[in-house]
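Visitor: Please take me through the aromatic rings of this model and the core around them. I would like a close look at that one part.

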Amino acid sequence: MKRLIRSKNDRKLAGVLGGLAKYLGVDANLLRVIFVILLFPTGVMPLILTYFVLTFLLPNEETEIR
């Protein structure tokens with residue numbers, strides 16, 4: 001079963017977008033570009049807040065393997 005986790009290898013900050021890209025089967029860089037583009041029309045804070053909430057809610061990839 002596929003689970004949403006933070007990526008340990010494909011991360012720029014906390015690995016949230018890398019893990020989400022792996023879960024969705026899309027390129028992580030494409031997801032990062034879409035994230036940055038969506039920051040402006042949403043007023044920055046909702047996506048930043050969502051990113052940090054997911055940072056604490058999603059398990060890290062290395063803890064998932066154990």
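**Aromatic rings and the core**

Guide: Searching the whole structure turns up two aromatic pairs. Rings of Phe, Tyr and Trp (its six-membered ring) pair if their centres lie within 6.5 Å; planes under 30 degrees apart count as stacked, over 60 as edge-to-face and the rest as tilted. F35 and Y51 make a tilted pair, 5.9 Å centre to centre, with 55° between the planes. This pair links distant parts of the chain: F35 lies in helix α2 (residues 28-42) and Y51 in helix α3 (residues 45-57), 16 residues apart. Helices here are DSSP runs (H or I, at least four residues), numbered from the N terminus.

This is a predicted model: local features need pLDDT of at least 70, side-chain atom pairs count only at pLDDT 80 or more, and totals for chains, interfaces and linings use all residues. Residues are numbered from 1 along each chain as its sequence is written, and side-chain values use heavy atoms, with hydrogens and water left out.

F35 and Y51 are both buried. Buried means under 20% relative accessible area, exposed over 50%, partly exposed in between (1.4 Å probe, protein chains only). Y51 counts as buried because its relative accessibility is 9%. Y51 also pairs with F52, edge-to-face, at 5.9 Å centre to centre and 85° between the planes. F52 is partly exposed, at 44% relative accessible area.

Now the core. The largest nonpolar core has eleven residues: A14, V16, L17, A21, A28, L31, F35, L39, L47, Y51 and L58. Such a core is a set of buried Ala, Val, Leu, Ile, Met, Phe, Trp, Tyr and Cys residues joined through side-chain atoms within 4.5 Å. Helices α1 (16-24), α2 and α3 each give two or more residues to this core. The largest share, four residues, comes from α2. In soluble globular proteins, nonpolar side chains tend to be buried together.

Next, α1. Its buried residues are V16, L17, G18, G19 and A21. The cover over them includes α2 and α3. Contact means heavy atoms within 4.5 Å. A28 touches D10, G18 and A21, not counting residues up to four places away in sequence. G25 follows α1, and its phi is positive, near 75°.

One further ring remains. The charged end of K2 sits over the ring of Y23, 5.3 Å from its centre. The criterion is NZ of Lys or CZ of Arg within 6 Å of the ring centre and within 35 degrees of the ring normal.
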